[in-house]
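Please keep the sequence and the model in view while reading.

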Amino acid sequence: MGTGASKNPDSSSHGSDDREDQAGGQLYVSLKMENYNPKGDLIPHVYGSVPLVGSWDPSRALSMERESASMWELSFVVPPNHETLDFKFLLKPKYGNIPCILEEGSNRQLTGGALGGDRRSAMFKFSSDDVLEYKVFIKADRVSPFDLAASWRTYQDNFQPSSVRGIPDVSMNSAPDASNEVCVNESSASLELDIEHYVVPAPATSANSGLVYAANMTETPRSLSRVGLFSKTDGSSGALHHQKDTGVDRPDLTGMQVIVPDTAKYSLAPGLVESKSFGAFSSMQKQEGHRGLFVDRGVGSPRLMKSASSFTVDLKLDSESKNSMPAAAGAVAAGAVADQMLGPKEDRHLAIVLVGLPARGKTFTAAKLTRYLRWLGHDTKHFNVGKYRRLKHGVNQSADFFRGDNPEGLEARNEVAALAMEDMISWMQEGGQVGIFDATNSTRVRRNMLMKMAEGRCKIIFLETLCNDRKIIERNIRLKVQQSPDYAEEPDFEAGYHDFKVRLENYEKFYEPVEEGSYIKMIDMVSGHGGQIQVNNISGYLPGRIVFFLVNTHLTPRPILLTRHGESRDNVRGRIGGDSMISDSGELYSKKLANFVEKRLKNEKAASIWTSTLQRTVLTASPIVGFPKIQWRALDEINAGVCDGMSYEEIKKNMPEEYKSRKKDKLRYRYPRGESYLDVIQRLEPVIIELERQRAPVVVISHQAVLRALYAYFADRPLKEIAHIEMPLHTIIEIQMGVTGLQEKRYKLM
């Protein structure tokens, strides 16, 4: 039988180093047994020399727990006053003592964390001919009391009932709870009369874009930069100057060769077939003299090669296909792979070509779509033809320049359109995935020119914006005159307004709606009050997502407020994940937040409060009254998997490889049995769609990783920066969405 430390005759022989090591930790023992043919309802148990495992009393033996169909497991901590542990395995029913089959052989012994002997199996003898064998796995580690206490505290926290369990997913506090008001320190929870007192500076890379003309944020023309032209911050050219209603000083185009495609010269050449997807042409390679069958469904698809003796599938992606894959996870990645495997070769690159009269919201729509696709992980760029025109022909073109019966102006506009299209296609050939081509493209001749340039190189989808609301058009015209670099040098607003109206009339005379190829028509969608969307010849995952996004977008101005929950108890402890309650500071913030929402949204009766399902966000929202509260599982914090409840110091100490992997690439790192930031982005897509669809203010109370991803969408931050965006506690980020773009304001309440 095993003995305790007091009875161990050799205990005095242990050196001081061993005693110090034992004093600094406790012995943690993990026992596992494996057998694929268990005997009836007999369950493995452990009993041994210390009271923890029954003191050699089979009726008090510790039952092992089933880990899988064939594996049983038991973990326990050996008391520090027992240096030696003798034990054996036995089989018996879980709630009885008969029959009780003891393990054959001598006792097993653990001394100071070391296992005596080398027995890898346990034999149980039922009769002379009936013997059952279990494989045995024994592991003993010395664990510090701090780590044990932290693990036990996390274990206990996970089993505490949630304090918000009874709150429904959709709820509304119609009036303040009088019983709570007594406990509130009004002086500490109240705010200044003017909430502007709490405004703090937004970071340099914030979402503020409302004062910047959207077209100036598009791609810098590469083809024009090669000949010495450059762009200023206002979008004007540093090399060209033109005046209205005077002799036009044509720029020197020495060194620039511009070829404007002539659509009349394009015809079917031998070996070309018309693509049914959008009316373009692609070459068909002839494999003459090749034994067997060769099928090429595009870069990234399986190349199926059949010979007389073998059939192989090569699933290796070439470099171009790897570049065209999105930096994303989940549905986005699956959709991209499916389109690569099954779609035509040119579908690998997608060109969204805007169509519409001026002042119809084309550039605004293009900017929103670009931001959405980038956030999902698609390499997307926005090419604005107006920016090319201003760089090449100057900013002071009169309305006559845009007449459909002005050959010189028409040639010049087609020229810059061809330059922009060529730049976009060249970028796609270098690995770009989605190009947004932003121009009026108001005639079939122009659109045919673009289709000819794209044939066999990318798939074109026309996106036409139509608006019949005169109030919206009038508002857009005034904003255009105020913000566009075309009128930056026009001091008289009324003169600029009149010129733009004439320009618009010139376009209207020759406008031809889209009826060819693949297209999406948005008819009176910008107001957010209904409208129509027409779709023709659209297929594939990404085009489908684009349609779904456009259906839910509009230009109605409204604020979106993002804030983390009040400080939680795990925040105080420095632990990640979990579902802890909020601390005293967190409770104070929840009351300040309620006060802020009441002041900021007092005239917004249709506003709503969104939280995650975790109690720290629900508790933070609980003092807010008068607005519906909606719990979203998608807004839950990033799932830390097996690291849930640990501190980063504990992860670094106990899981060093995981710590290094996370530090190396936080965006793509996925916690064991948990999530990555890319996973979070995928589950947040429905939240983004609903935020775009909402026409009233929304307050989002969520968590650091989730708010980083949401903020990155509105601020158009690159994916690689998402995991490093600062998202402080007790701070409100207000994002104002509207026709002029996005504006950000931050309030720090504590």
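## Terms and basis

Two strands are said to pair if DSSP finds at least two bridges between them. Helices (H or I, at least four residues) and strands (E, at least two) are DSSP runs, numbered from the N terminus.

The model is predicted, and local features need pLDDT of at least 70, side-chain atom pairs count only at pLDDT 80 or more, and totals for chains, interfaces and linings use all residues. Residues are numbered from 1 along each chain as its sequence is written, and side-chain values use heavy atoms, with hydrogens and water left out.

## The open sheet around β11

Five strands form an open sheet with antiparallel pairing, in the order β4-β5-β1-β11-β10. Its edge strands are β4 (65-66) and β10, each of which pairs on one side only.

Within this sheet, strand β1 (residues 26-34) and strand β11 (residues 131-143) pair in the antiparallel sense over nine bridges. Val29 stands opposite Ala140 in β11, and the bridge partner of Lys32 in β11 is Phe137. Strand β11 also pairs with strand β10 (residues 121-125), again in the antiparallel sense, over five bridges, with Tyr134 of β11 as the bridge partner of Ala122. β10 and β11 form a hairpin, with five residues between them.

Nine of the nine residues of strand β6 (residues 84-92) are buried, so the strand is largely enclosed by the rest of the structure; buried means under 20% relative accessible area, exposed over 50%, and partly exposed in between (1.4 Å probe, protein chains only). In a regular strand the side chains alternate between the two faces of the sheet. Both faces of β6 are covered, with Thr84, Asp86, Lys88, Leu90 and Lys92 buried on one side and Leu85, Phe87, Phe89 and Leu91 buried on the other.

β6 takes part in several antiparallel pairings. Strand β2 (residues 43-48) pairs with β6 in the antiparallel sense over six bridges, and Val46 stands opposite Phe89 in β6. Strand β8 (residues 108-111) and β6 pair in the antiparallel sense over four bridges, where Arg108 of β8 is the bridge partner of Phe87. Two bridges join β6 to strand β7 (residues 101-102), the two strands running antiparallel, and Leu102 of β7 is the bridge partner of Leu90.

Helix α21 has 12 residues and reaches 16 Å from its first C-alpha to its last, close to the 16 Å expected at 1.5 Å a residue, where the expected span is 1.5 Å times one less than the number of residues. Because 11 of its 12 residues are buried, α21 is largely enclosed by the rest of the structure; the buried residues include Arg708 and Tyr711. Just after α21, Asp716 takes a positive phi of about 55°.

Helix α8 (residues 362-376) and helix α21 (residues 704-715) pack at an angle of about 145°, with their axes 8 Å apart; axes are lines fitted to C-alpha atoms, for helices over the stretch in contact, and angles run from 0 to 180 degrees between N-to-C directions. The contact (heavy atoms within 4.5 Å) is made by Arg371, Tyr372 and Trp375 of α8 and by Ala709, Ala712, Tyr713 and Phe714 of α21. By class, the contact of α8 with α21 has six nonpolar, no polar and one charged residues, where Ala, Val, Leu, Ile, Met, Phe, Trp, Tyr, Cys and Pro count as nonpolar, Asp, Glu, Lys and Arg as charged, and the others, Gly among them, as polar.
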